[in-house]
Amino acid sequence: MKITAKCKDTVQKQVSAKLLLMVLALSSLLAAITVDMVNPVLGLISQSLDASKAQVSWTVSGIALVLAIGIPLYGRMSDFFALRKVFIIAAAILTLGSLLCALASSLPLLVLGRMVQGAGMSAIPVLSVVAISKVFAEGQRGAALGMVAGCIGIGTAFGPIFGGSVGQIWGWPSLFWITFALSLLILIGSIFALPGIRPSMEEGSERGFDLIGGIMLGLTAGLMLFGVTQGESAGFAAISAWGSLLGSVLALLGFIWRIHTADKPFVPPVLFKNKPYVCSVIIAFFSMFAYFAVLVFVPLLVVEVNGLSPGEAGMILLPGGAAVAICSPWVGRISDRFGPNRLVAAGVGIMGISTLFLSTFASGASPVLVSVGALGAGIAFAFINSPINNAAVSALPKDQVGAGMGIFQGTLYLGAGAGAGMIGALLHARREVAHSLNPLYSLDAVAYSDAFLAATAAVVIALIAVLAKGTAR
């Protein structure tokens, strides 16, 4: 009887873990799709709501700002409040935001809905990692993270394709009706699937929640991302750009002062003395910087230089997206066996080779060569994403997982936003030059060659952090 009861308990735990993973995977897929799905239909939104392109761009910038601010906050909240409760509330906010977007009759309402979406969506990446770190044993964690990473990769690659095709056929509001239905499904699933995990620090304990420190950190991330976005569109000489970047620096100084003077700081200062964790954050930032530069500027390259249609340009990214979807679960499983560090090193190396290939041989050449470069970047992302998450979690004590992974996941979005913005500004500045900064380049798309060379420089920084991480073990 005892053996039977034990077997039943084991089966029940396995079923619960699979249900949890299904909810987390669907949530991650939806979040990744929702971020970028409006990019191909910005023109339709502009015409429908009688708004300029600059105004419509806030449907993208607004959600990115909220993500950069919200992710670290949710990460720290998971240390103080029950993870199940926080995830359910976030899923409800995401559902409400999707409904507001679907019903929006003006641009301000649409931007508001997108920002509400972001307020709910920002919980998903960090709480998914926190949930996996607490539910799955260390030998099973990599496979679970790999599945979630695969869904993020699929959503990132196919979000624009989904948005362009569905929006063109049924209109842009249909995108938000679909995300509303999926958000509602996630909300219901999270009620049943999320386990009752106790927070690391109980509510009302002597360790208070440092709201001021959280605001300082959020302003640092949000103003930085806004400044980079403004620098790309209006130029870094514009007051909206340099003023926001200056505000980000001041907020960062305030945050540093706060964590060293507050009795119970938002982020424990000891977190930044953890060299393996800090190296993981640096690797994540610069890897995402390079990867999103590929995702954003490869389609622009083949449209502008090769004359492809937007739909055909999206298909150039298809092999890379498929590589992420196929490789991520496999990489997650083998990271449990061999450890994450070797896989991260291989991924960073492949990313550098891919961006350098795009800079040296593919920019201005056949779209097939461009697709090969994008494929390499997708494979590299699969080798980096789930193992570096696993490495960051493994480097943290249990009572620092929430705060640490909040900063880590926020860094991923900062890297993505900074990569798109800063490489975009460089691309604009190099439009009229005759010679590439890459001495090996000999074709005509000089600006794009320089853009991907800059992405390669970011990968070199990530590689240095990989080497430093290896010596810190």
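Cys101 is buried, at a relative accessible area of 0%. This is a predicted model, and the structure holds zero disulfides.

**Cysteines**

- Cys151 is buried as well, with a relative accessible area of 14%.
- The closest cysteine sulfur to that of Cys151 belongs to Cys327 and lies 14 Å away, which is too far for a bond.
- A disulfide is counted where two cysteine sulfur atoms are within 2.5 Å, and the structure has zero of them.

**Helix 12 against helix 15**

- Helix 12 covers residues 275-304 and helix 15 covers residues 340-362; their axes come within 11 Å and cross at roughly 35°.
- The crossing of these two helices is left-handed.
- On the helix 12 side, the contact is made by Ile283, Ser287, Ala290, Tyr291, Val294 and Val298.
- On the helix 15 side, the contact is made by Val344, Val348, Met351, Thr355 and Leu358.
- Sorted by class, the contact of helix 12 with helix 15 has nine nonpolar residues, two polar residues and no charged residues.

**Two residues of that contact**

- Ser287 lies in helix 12 and counts as buried, at 6% relative accessibility.
- Setting aside neighbours within four places in sequence, Ser287 is in contact with Val348, Met351, Ile384 and Ala462.
- Ser287 and Leu412 are 125 residues apart in sequence, while their C-alpha atoms are 8.5 Å apart in space.
- Thr355 is found in helix 15 and counts as buried, at 0% relative accessibility.
- Beyond its neighbours within four places in sequence, Thr355 is in contact with Ala290, Val294, Phe452, Ala455, Thr456 and Val459.

**Nonpolar cores**

- The largest nonpolar core has 107 residues, and within it Met405 and Phe408 touch the most other members.
- Helix 12 gives the most to this core, with 17 residues.
- Another core, of 18 residues, lies apart from the largest one; among its members are Ile33, Ala102, Leu175 and Phe176.
- Phe408 is in contact with Tyr277, Ser280, Val281, Ala284, Ile388, Asn389 and Ala392, leaving aside neighbours within four places in sequence.

- Met224 has its place in helix 10, which spans residues 211-234.
- With a relative accessible area of 24%, Met224 is partly exposed, because the partly exposed class lies between the buried limit of under 20% and the exposed limit of over 50%.
- Not counting residues up to four places away in sequence, Met224 touches Leu219, Leu245, Ser248, Phe285, Leu414 and Ala418.
- Met224 and Leu252 are 28 residues apart along the chain, and their C-alpha atoms are separated by 9.9 Å.
- Ile464 lies in helix 18, residues 446-472.
- With a relative accessible area of 54%, Ile464 is exposed.
- The C-alpha atoms of Ile464 and Ile282 are separated by 9.5 Å, although the two residues are 182 places apart along the chain.

Methods:
Residues are numbered from 1 along each chain as its sequence is written. This is a predicted model: local features need pLDDT of at least 70, side-chain atom pairs count only at pLDDT 80 or more; totals for chains, interfaces and linings use all residues. Side-chain values use heavy atoms; hydrogens and water are left out. Axes are lines fitted to C-alpha atoms, for helices over the stretch in contact, and angles run from 0 to 180 degrees between N-to-C directions. Helices (H or I, at least four residues) and strands (E, at least two) are DSSP runs, numbered from the N terminus. A crossing is left-handed if the near helix is turned anticlockwise from the far one by less than a right angle, and right-handed if clockwise. Contact means heavy atoms within 4.5 Å. Ala, Val, Leu, Ile, Met, Phe, Trp, Tyr, Cys and Pro count as nonpolar, Asp, Glu, Lys and Arg as charged, and the others, Gly among them, as polar. Buried means under 20% relative accessible area, exposed over 50%, partly exposed in between (1.4 Å probe, protein chains only). A nonpolar core is a set of buried Ala, Val, Leu, Ile, Met, Phe, Trp, Tyr and Cys residues joined through side-chain atoms within 4.5 Å.
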